[in-house]
Amino acid sequence: MKGTEKQVKWAMEILDEAEKSLNCMLKNYEKDIALGDTTEYIPEDVEAVREVLRKAPDNASAIIDNRKRLGYDGLKKRVLAHAKLRKEGKA
């Protein structure tokens with residue numbers, strides 16, 4: 001990854017937290033299903049976002065600059081957007 005040592009460390013922490021957030025979404029999905037609740041997304045939607053995340057640029061400053069999008073709320077918006085596209089047959 002390109003950037004200073006400090007930037008790379010910070011970017012890696014952001015990406016690690018993003019992975020944890022996606023894992024949390026999967027756990028929430030499983031809990032909702034176990035309770036018989038309906039969900040706005042399915043695991044495929046989460047995994048689609050995870051694949052995009054794994055293709056993130058190898059530029060630490062780009063990851064740092066987009067850290068809000070890579071937080072739980074930002075990722076959830078992406079998951080829900082993918083779910084909408086999937087339901088419309090566009091994903």
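Predicted model: local features only at pLDDT ≥ 70, side-chain atom pairs only at ≥ 80, totals over all residues.

Me: Is Leu 70 buried or exposed?

Reply: The term buried means under 20% relative accessible area, exposed means over 50%, and partly exposed lies in between (1.4 Å probe, protein chains only). Leu 70 has 14% relative accessibility and therefore counts as buried.

Me: Which residues does Leu 70 touch, not counting residues up to four places away in sequence?

Reply: Contact means heavy atoms within 4.5 Å. On that basis Leu 70 touches Ile 14, Leu 15, Ala 18, Leu 53, Ile 63 and Leu 75.

Me: What does the secondary structure of the chain come to?

Reply: The chain has four helices and zero strands, and its elements run α-α-α-α from the N terminus on. Taken along the principal axes, the C-alpha atoms fill a box of roughly 45 × 30 × 15 Å. Of the 91 residues in the chain, 25% are buried. Among contacts between residues at least 6 apart in sequence, 73% join residues at least 24 apart.

Me: How are two packed helices described?

Reply: Two packed helices are described by the angle between their axes and the distance between the axes. Axes are lines fitted to C-alpha atoms, for helices over the stretch in contact, and angles run from 0 to 180 degrees between N-to-C directions. Angles under 35 degrees count as roughly parallel, over 145 as roughly antiparallel, 65 to 115 as roughly perpendicular and the rest as oblique. Here, the axes of helix 1 (residues 5-34) and helix 2 come within 10 Å and cross at roughly 175°. The two helices are therefore roughly antiparallel to each other. Helix 1 contributes Leu 15, Ala 18, Glu 19, Leu 22, Asn 23, Met 25, Leu 26 and Tyr 29 to the contact, and helix 2 contributes Pro 43, Val 46, Glu 47, Val 49, Arg 50, Leu 53 and Arg 54.

Me: By class, which residues does the contact of helix 1 with helix 2 have?

Reply: Ala, Val, Leu, Ile, Met, Phe, Trp, Tyr, Cys and Pro count as nonpolar, Asp, Glu, Lys and Arg as charged, and the others, Gly among them, as polar. The contact of helix 1 with helix 2 has ten nonpolar, one polar and four charged residues.

Me: At what angle do helix 1 and helix 4 cross?

Reply: Their axes cross at roughly 55° and come within 9 Å. That makes helix 1 oblique to helix 4. The contact joins Ala 18, Ser 21, Leu 22, Cys 24, Met 25 and Asn 28 of helix 1 to Tyr 72, Leu 75, Lys 76 and Val 79 of helix 4. Its residues divide into seven nonpolar, two polar and one charged.

Me: Which residues is Ala 18 in contact with, leaving aside its neighbours within four places in sequence?

Reply: Ala 18 is in contact with Leu 53, Leu 70 and Leu 75. Ala 18 counts as buried because its relative accessibility is 0%. The C-alpha atoms of Ala 18 and Leu 75 are separated by 7.6 Å, although the two are 57 residues apart along the chain. Ser 21, also found in helix 1, touches Gly 71, Tyr 72 and Leu 75, not counting residues up to four places away in sequence.

Me: At what angle do helix 2 and helix 4 pack?

Reply: Helix 2 (residues 43-54) and helix 4 (residues 72-87) pack at about 120°, with their axes 8 Å apart. They are therefore oblique to each other.

Me: With which side chain does the side chain of Asp 45 make a polar contact?

Reply: A polar contact is a pair of N or O atoms within 3.5 Å; within protein, one must be able to donate a hydrogen and the other to accept it, and residues adjacent in sequence count only if both atoms are side-chain atoms. The side chain of Asp 45 makes such a contact with the side chain of Arg 86 (2.9 Å). Asp 45 lies in helix 2, and at 0% relative accessibility it counts as buried.

Note on methods: Residues numbered from 1 in each chain as written. Heavy atoms only, no water.
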